[in-house]
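Please read the account alongside the sequence and the coordinates.

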Amino acid sequence: MKRRNLLASGVAAAALATMGLPALAQDKTKVGFVYVGPVGDGGWTYEHDQARQAVEAEFGDAVETVFVESVPEGPDAERVMTQMALDGADLIFTTSFGYMDPTINVAAKFPDVKFEHATGYKQADNVSVYSARFYEGRAVQGHIAGQMTESNIVGYIASFPIPEVIRGINSAYLHAKAVNPDVEFKIVWAYTWFDPAKEAEAASVLIEQGADVILQHTDSTAPQAAAQAAGNVVTFGQASDMAEFGPFPRVSSIIDDWAPYYIARTQAVMDGTWTSTSTWDGIGAGMVGIGEISNAVPADVKASAEALRDSLADGSYHAFTGPLNKQDGSAWLAAGETASDYGDDSLAGMNFYLEGIEGDVPN
Amino acid sequence: MDLSSINPILLLASLMVAATPILLAAIGELVVERAGVLNLGVEGMMITGAVCGFAFATITGSPWLGFVAAALGGAALSLLFGVLTQYLLTNQVATGLALTLFGLGLSALIGQGYIGIKAPAFPDIHVPLLGDIPVIGPIIFQHDPMVYIGLALVAGTYWFLHKTRGGLILRAVGENHDAAHALGYKVIKVRLLAIMFGGACAGLGGAYLSLVRVPQWTEGMTAGAGWIALAIVVFAGWKPWRLLLGAYLFGGVTVLQLNLQAAGVAVPVEYLSMSPYLATIVVLVIMSSGRAPGSLGRIFHASR
C-alpha cells in the first residue's frame, strides 16, 4: 500500500511539475535576439540592441530578453537559434539577411516559437519578415552627396551583393545624378558587415582615388574616422546617427528605429494575436530616420533634402519613379511608373544596377 | 576600367601600413611557436591590446603610452595562458581558444566607456633626407613609427633566434624540450618569456589597429586579424623573413584588390576578395621548406 501511495504521489508530482512548468514560463514572455555584430558596433547591431532595451523598458518584468552577439551567418546561427528556442524563447528576432535559411530551418523544428527575420524574403507560418525602406534614406543621401562633391566622384563601401545593398546604391546614384549629371560612383565590395580595419582600408582607397564623398553600407564608424583624417571628405552615418563625427565629415545619417516594431510584435505574442506578416516600412512609418543635416551642408541643399525626405514620408514621391533604365539600357520603369515591391524586377529582389553606374553586380 | 586612377606610390605606401598589425602579431607568435608553444589566443591578445592601448592613449593623451599599455595588456593576458599551460599543464589548443573568447569579452567590458571617442593623433614621421627621395621616400620613409618598429622587431627576432646563445636555447626548447631540460635549461622559464613576448607583440598589433589604422575603439575590431597572423606563421615556415614577406603580400594584395575594385577592373569581385588569402598561401607554400618545431604544442613536465 505504502509503496503504491508513494508511486501515485510521485506520478502526481511529476504531472504537477510538467503542468506547472509551462504555466510558469507563460508569466514571462521570453524574447531572443540574434545579432550579426557586437552591440557596441555603433551602427546596425547597436540600433537593434537599443530596440531590445526599449522592449524591456516598455514591458518591464513581463518580458525577459536575451541576445547573442557576433553570430556568424551560417550553421553557427542555426545552433544559436536552436539553443534559444530550447531555452524557452517565445519570440526570436534574427537580425541579418544571412540568417534567412537558418531561421526557416530552425522555425520548422519549433512550430510554437515565433520568429522574426530582418531584411529577408522567406516567410513561414511562424516566421515573419520585416525590413525598412533604407533606400528612401539613400535617396536623401544621394541628393546631398551629388551636391557636396567637388571631384564628382562618390565612393561607396558596399557589403554583400544582396537586394538590400543594391537598392541603396541605385537609389543613391539616381538622386545624386538628378542634381549633378557629372557624378560618378566608385563602388568597393568589402564582403563583410563589420570589419573596421577593412572598412578604413576601403575608405582610404576610395579617397586616394579621388572620392570626396563616402557612402557606406557597412556597420562600423571606421570610414568616418578615415574621412575625418583626410579632412575634406563628406560622410553619412549608417544605421545609427554616428553624431560624434558631426557636423563634419558626417553631414547626415540614416537611422534605423526598430523599437516600435519590436514592441508591437512582442505585444502581439503576449496577446496571442501574433500572425506571420511581412512588414516593410520607410521614413513615413518612422522605421527609417534621417539624422540631423548639419550646417556643413549649404542651406538651400539642406532645404531641398528635407523637402525630398518629407515627400518620401508622405508618399507623394517614390524613390524609384520612371522613366528608368537598367544598366544595359533596357527599360525598367516607364515614365511615371513606380517600382513594385514584389514580383519580377521588383525592389525585393533587385539584382541589377541602373543605367549610368559602372561595373558589374557580383553574383 | 581606369587603372590610371590608381596611384602606385600611395598603393605601396598603404601596403606597409595595412600589413603592420598582422606583422606585429605574427612575429610574436613565431617566437612563441619556436619555443614549442602553440598559443591560439592571438586574436584575444590583439583585441585586449587594442582596447588597453586605446584607453591609455585617450587617458594620457600619448599614443606612445598607449602602445606601452597595449604591450603590457597583451603580455598580462598571455601570462594567464602561460600559467595555465606551463604550470597547470592544460591543453594548449583548448586554452588558446578560450583565451581568444576571454579576450574578446574582456575587451568589450574594458571598452564600454570608449566607444565613439577619438584617439590622440599619432603623426607620421618624415625621415630626414631619405623621406625626400622621389618615389621611394613616400613609399618607405614617411610612415608612423610603429611601421619601423615592426620591421625592427622582425630583424631583431631573426638576429636573436639565429645569432645569439639565448636564441639557440629557445630553439632547443622548442625542438626537444626533454633534451633541453636534460642539458639544464629552464624550459618553463624560457617558454613563459616567449609567451609574454608573443602577448606583447599581439597587443602592439591590436593597438596599431585601434590607434593608427582605424583609429577608434569598436568591439570585435580585430575581426579575425589574429587568425591570419597565426596562419602566416605556419605558411612562412616559422622563418622571420618569410613572415615579413607573407604579411606584406597579404597587406599588399588586400589594398590592391580594393584599388582594383574602385578602379572598376573587369574581374569578378569574388575573385578579388579572395585574392589576398590565395596569393599569400600560394607564394608561401611554393617557397616553403619550413618544418614545425619538434615540441610544438606538446606539454612539458620535468618528471616525464
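Strand β1 (residues 29–34) of chain A and strand β2 (residues 63–68) of chain A run parallel and are joined by six bridges, where pairing requires that DSSP finds at least two bridges between two strands. Within this pair, A:Val34 has A:Val68 in β2(A) as its bridge partner. Together with α2(A), β1(A) and β2(A) make a right-handed β-α-β unit; right-handed here says that, with the strands pointing away from the viewer, the path from the first strand over the helix to the second runs clockwise. Helices (H or I, at least four residues) and strands (E, at least two) are DSSP runs, numbered from the N terminus.

This is a predicted model, in which local features need pLDDT of at least 70 and side-chain atom pairs count only at pLDDT 80 or more, while totals for chains, interfaces and linings use all residues. Residues are numbered from 1 along each chain as its sequence is written, and chains are lettered from A and ligands numbered from 1 in the order in which they are written.

Chain A is divided into domain 1 (2–132 + 258–281) and domain 2 (134–255 + 290–333), with bounds that come from an automatic or database domain assignment. The centres of these two domains of chain A, taken over C-alpha atoms, are separated by 34 Å. Their contact takes 12 residues from domain 1 of chain A and 12 residues from domain 2 of chain A, two residues being in contact if their C-beta atoms, placed from the backbone, lie within 7 Å. On the side of domain 1 of chain A that touches domain 2 of chain A, helix α2 (residues 44–59) of chain A gives the most, with four residues.

Between the chains, 31 residues of chain A are in contact with 33 residues of chain B. The elements of chain A that give two or more residues to its side of this contact are tabulated here.

| Element of chain A | Residues |
|---|---|
| β7 | 184–189 |
| α7 | 196–208 |
| α8 | 222–230 |

The largest share of that side, nine residues, comes from α7(A).

Chain B has 12 helices and zero strands. Its C-alpha atoms fill a box of roughly 65 × 45 × 40 Å, taken along the principal axes. Among contacts in chain B between residues at least 6 apart in sequence, 79% join residues at least 24 apart.
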